[in-house]
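Dear colleague,

Please find below the structure for your records. My notes on chain B follow directly after it.

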Amino acid sequence: MKLNHSRRSMLFAALGLGTTAILPGRLLAQGRSLVAATFPGTWSEAHRAILAPAFKQRTGATVTQSILLAQDQVARLTAAKGGKPPFDVAIFDEPQVPDAIKAGVLAPYPAAQSPNYADLLPGFQDQWGPTISMQVIGIGYNPRRIKTPPTSWDELWDPKYKGRVGLTALNSQLGIAFLAELNRLRGGGPGNFDPAFKAIRELMPNVGAVAADLGAFATLWQQEQIDIAPYNFNFVQTLKSKGVPVELAIPATGAAGWKTSMHVVAGAVEPDLAVQYVDTHLDPAVQAAMLKSPYDVIPTNRKVALEGPVTQAIARTQEELGKIRGFDWPAINPQRSDLIARFNRDIQQT
Amino acid sequence: MRIPENRLALPLAALFAVCFVAPLLVLLALSLQAGSEAQGLSLSRISFAHYRDFFADGFNDRILAQTLLLGFKVTAVCLLFGFPVAWIAARARGGWQSTLVLLIVLPILTSVVVRTFSWIVILGRHGIVNQLLQWLGLTGDPVNLLFTETGVVIVLAQVQMPLMVLPIMTVLSKLDPNLLDASRALGAGPWRTLRQVVVPLAAPGILAGCILTYAASVTAFVTQTLIGGARLVYMPLRIYQEAMGANNWPYAAAISIVFMIAVLAVIAIAGKIGNLTRSRAHA
């Protein structure tokens with residue numbers, strides 16, 4: 001019996017050796033492990049539940065999550081430059097990408113090794129790494145207190161919402177995106193933020209609270225401290241799934257948002273696995289699974305049919321997704337410090 | 001073989017040098033770099049520009065002043081409420097004393113984030129305080145307590161209270177009760193005894209409590225930002241905004257250094273005043 005057993009393992013071992021010769025890449029990945037960055041919250045859950053198993057099935061390799069905000073990722077990669085990077089795959093929101101490229105911590109994305117890359121709309125393809133999802137801002141509102149969904153940003157200025165409007169400080173992506181969108185609508189541009197700040201000052205009598213960060217902002221909704229405020233599609237979905245009364249309305253002036261992208265890190269320990277990992281994220285089956293609640297990750301592969309809350313609020317087709325207005329981050333980023341200081345000054349309680 | 005006493009401190013000194021002094025020097029060097037690049041410190045980029053920028057903007061000076069003032073307010077509230085508690089706890093006997101000490105220490109046993117969130121629930125528009133006020137008919141509309149400096153002071157005072165009570169309690173429990181009797185026998189009333197006997201003898205504990213409370217409350221990022229929101233900007237939020245929002249690390253480092261020196265100066269002055277009163281008491 002014992003002999004039999006070991007003979008069988010020998011057989012399997014030999015078989016294994018044989019297949020190694022045929023499929024080297026696949027079996028070499030056995031026992032190998034990738035370290036991939038992910039965002040806290042829903043993102044890390046979606047990656048653990050859907051992306052990691054799909055990646056394991058495809059390559060045999062395991063993945064370890066490193067849960068970090070985008071700015072922290074840039075910081076850690078910058079700090080580790082020249083040595084071994086702390087993770088192989090980075091995930092960024094659009095504004096961090098120029099910073100990361102400038103810091104020289106990304107490797108160009110080898111599109112030829114990534115079969116799903118060609119199925120992305122041209123706007124979602126990039127030499128530094130593909131767009132894996134989008135984030136869209138709109139008007140968050142409490143449906144218990146506001147029965148008609150808002151249709152315009154101007155409603156925030158309506159005197160009936162005195163003390164019920166929320167904002168976030170400009171250190172958050174949401175805060176700066178809202179300011180930039182407001183600026184565009186009021187006739188400003190990246191070189192001139194005066195129209196936006198004038199509008200913010202006029203909004204202040206209505207503002208009940210300005211959250212210092214997005215965590216505190218979620219608390220404002222949970223405690224029903226505010227009824228109406230700029231908000232992100234995915235944050236609204238997360239809060240809704242926890243029973244918080246909040247909905248997102250896209251104003252008639254159109255949806256605005258930014259891309260979320262994945263990147264292979266320069267000097268990655270496992271560059272090939274890193275590409276496979278990013279490509280798995282572009283896989284139609286993976287994106288379709290992530291589109292479902294509670295993740296609601298907006299897909300970028302055009303083979304994925306849009307469904308669920310995304311179609312109600314944001315876009316019915318991939319083409320419509322591609323038309324969501326972006327922001328001029330390379331022009332905005334260098335001004336962040338000044339914009340934050342100016343915003344702090346303008347919103348002071350008087 | 002006898003080990004000289006000062007050598008016993010060497011392991012701690014080494015730990016401090018590596019984990020505290022070295023990062024502080026990096027912070028200082030970073031704050032002296034021109035521009036907003038965080039990588040590669042270089043001698044050719046040395047400049048005081050960030051310090052100049054900080055002080056050139058009157059708004060920043062106001063934030064610094066408000067933060068230092070917030071510390072005074074919290075320390076005053078903690079002292080006002082903490083001293084009697086420390087007195088009662090120090091005078092209590094056996095079982096009572098352990099119960100009181102447990103109650104005093106209890107807040108430190110929960111995370112500051114949890115404590116602050118529970119205050120949001122208490123002070124919010126639909127919170128306990130507002131429900132009580134409305135039920136009593138004292139107010140129709142909910143009162144705004146969150147996002148006001150009053151709210152920040154209330155919450156910080158509760159969160160930091162143990163830091164004030166414990167050192168005072170320690171010195172008060174060592175106070176010889178005969179001194180109080182002597183003071184009374186010599187004709188001093190309770191207030192005079194408190195002023196001229198108890199407070200001078202408890203001065204080291206009061207000073208330690210004030211310094212701990214002050215340092216902890218001016219730097220309490222979580223409580224300040226969650227309760228105060230972004231309309232009440234204090235120095236920790238300002239540093240966070242520059243480091244994380246604007247990705248301008250050298251400027252954030254410069255603000256940190258300014259803040260650290262300001263807090264150290266306040267503490268040094270407090271220590272001087274403490275020493276003066278103590279030497280006067282002994283004179």
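Asn247(B), which follows helix H12(B), has a positive phi, near 60°. Helices here (H or I, at least four residues) and strands (E, at least two) are DSSP runs, numbered from the N terminus. The model is a predicted one, in which local features need pLDDT of at least 70, side-chain atom pairs count only at pLDDT 80 or more, and totals for chains, interfaces and linings use all residues. Residues are numbered from 1 along each chain as its sequence is written, and chains are lettered from A and ligands numbered from 1 in the order in which they are written.

H12(B) itself covers residues 235–245, and nine of its eleven residues are buried, that is, with 20 or more other C-beta atoms within 10 Å of their own, C-beta atoms being placed from the backbone. Among them are Met235(B), Leu237(B), Ile239(B) and Ala243(B), as well as Arg238(B) and Glu242(B). Over chain B, buried residues make up 34% of the 283 residues.

Chain B holds 13 helices and zero strands. Its C-alpha trace spans about 75 × 70 × 35 Å along the principal axes.

As to confidence, pLDDT is the predictor's score for each residue, from 0 to 100. Chain B averages 89, with 96% of the residues at 70 or above. For the complex, the predictor gives an ipTM of 0.77 and a pTM of 0.82.

With kind regards

Note on methods. Buried ≥ 20, exposed ≤ 12 C-beta atoms within 10 Å, placed from the backbone.
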